[in-house]
Amino acid sequence: MNSALAGIGMTSQRTRARMIDRLRAKGIVNETVLAAMAAVPRHVFVEEALSSRAYEDTALPLGFSQTISQPYIVARMIEVLLSGREGLGKTLEVGTGCGYQAAVLGQLSREVYSVERIQPLLGLARKNLALIPGIQVRLKHTDGRMGLPELAPFDSIIVAAAAGRVPPELLQQLAMGGRLVLPVGGNEQYLSLIERNSQGFTESRLEAVRFVPLLPGVE
Ligand code: SAH
């Protein structure tokens with residue numbers, strides 16, 4: 001591992017191990033998810049000035065009024081997607097941001113596609129992901145409310161920004177047995193898990209959350 005990846009001081013292995021301990025303390029139990037969280041160096045994805053805070057369990061600013069998601073929320077959403085399954089299969093992420101969650105998804109998925117509406121963020125994500133060995137994430141500049149119809153169906157869909165209602169296009173693009181996890185709401189948001197089965201869709205409402213809004217169009 002090169003020195004930028006290994007980290008020193010506030011980005012060292014020990015600091016990273018403490019983040020995993022905090023995830024356990026907050027209730028993340030799936031060892032596969034914890035291992036994936038431990039494998040991704042979050043400091044690579046945050047601005048250099050904030051790298052000493054990379055392993056705190058908080059969201060951090062990444063520019064363009066967007067944030068890198070809180071590690072607990074990344075772990076929780078992925079745990080919900082993975083529960084009872086071997087892996088995430090073919091995965092779509094909506095809202096790449098700096099690429100952090102895409103890197104975690106890459107540890108657990110057969111294929112990862114991630115879409116982002118802000119072009120410069122995609123460039124940033126591409127640069128960050130190139131530093132992570134063995135990660136294959138395909139990125140696209142598009143409005144993720146429409147999903148990626150040309151590559152559907154997906155076994156797992158994860159949305160990193162809150163929608164007022166569940167985009168019907170994303171439901172359509174779920175494989176049979178597939179799962180979609182997303183924050184729903186405006187000022188008050190909750191995490192929703194939707195599963196597709198032969199009878200249709202079942203929704204489970206999980207905990208209250210706080211995400212940036214899922215916005216229309218691209219910029
Ligand atoms: N996955 C990121 C989280 C980034 S924050 C991480 O690992 O930390 C959410 C991202 O969703 C922002 O970058 C925002 O620009 C993006 N976003 C919002 N609406 C979107 C849309 N309709 N399509 C694609 N991306 C969107």
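Author: The side chain of serine 156 reaches the backbone oxygen of leucine 88 at 2.7 Å, which is a polar contact in the sense used here, that is, a pair of N or O atoms within 3.5 Å, where within protein one atom must be able to donate a hydrogen and the other to accept it, and where residues adjacent in sequence count only if both atoms are side-chain atoms. This is a predicted model, in which local features need pLDDT of at least 70 and side-chain atom pairs count only at pLDDT 80 or more, whereas totals for chains, interfaces and linings use all residues. Residues are numbered from 1 along each chain as its sequence is written, and side-chain values use heavy atoms, with hydrogens and water left out.

Serine 156 lies in strand β6 (residues 154-159), where strands (E, at least two residues) and helices (H or I, at least four) are DSSP runs numbered from the N terminus. Its relative accessibility of 0% makes serine 156 buried, a word that stands for under 20% relative accessible area, with exposed meaning over 50% and partly exposed the range in between (1.4 Å probe, protein chains only). Most peptide bonds are trans, and most residues other than glycine have a negative phi.

Glutamine 189 belongs to strand β8 (residues 189-197) and is buried, its relative accessible area being 7%.

Turning to the ligand, 26 residues surround it, and the closest are Ser69, Gln101, Glu116, Gly144 and Leu215; a residue is near a molecule if one of its heavy atoms lies within 4 Å of it. An oxygen atom of the ligand lies 2.8 Å from a backbone N or O atom of glutamine 101, a nitrogen atom of the ligand lies 2.8 Å from a polar side-chain atom of aspartate 143, and a polar backbone atom of leucine 215 is 2.7 Å from a nitrogen atom of the ligand. Of the 580 Å² that the ligand exposes when taken alone, the protein buries 99%, the areas coming from the Shrake-Rupley method with a 1.4 Å probe.

Two or more residues of the shell around the ligand come from each of β2 (66-68), β3 (89-94), α5 (100-108) and β4 (109-116), and β2 gives the largest share, three residues. In α5, seven of the nine residues are buried, so this helix is largely enclosed by the rest of the structure; among the buried ones are Tyr100, Gln101 and Leu108.

The loop between β1 (60-63) and β2 holds phenylalanine 64, which has a positive phi of about 55° although it is not a glycine, and which is partly exposed at a relative accessible area of 46%. Serine 65 is in the loop between β1 and β2 as well; its phi is near 60°, a positive value in a residue other than glycine, and with a relative accessible area of 70% serine 65 is exposed.
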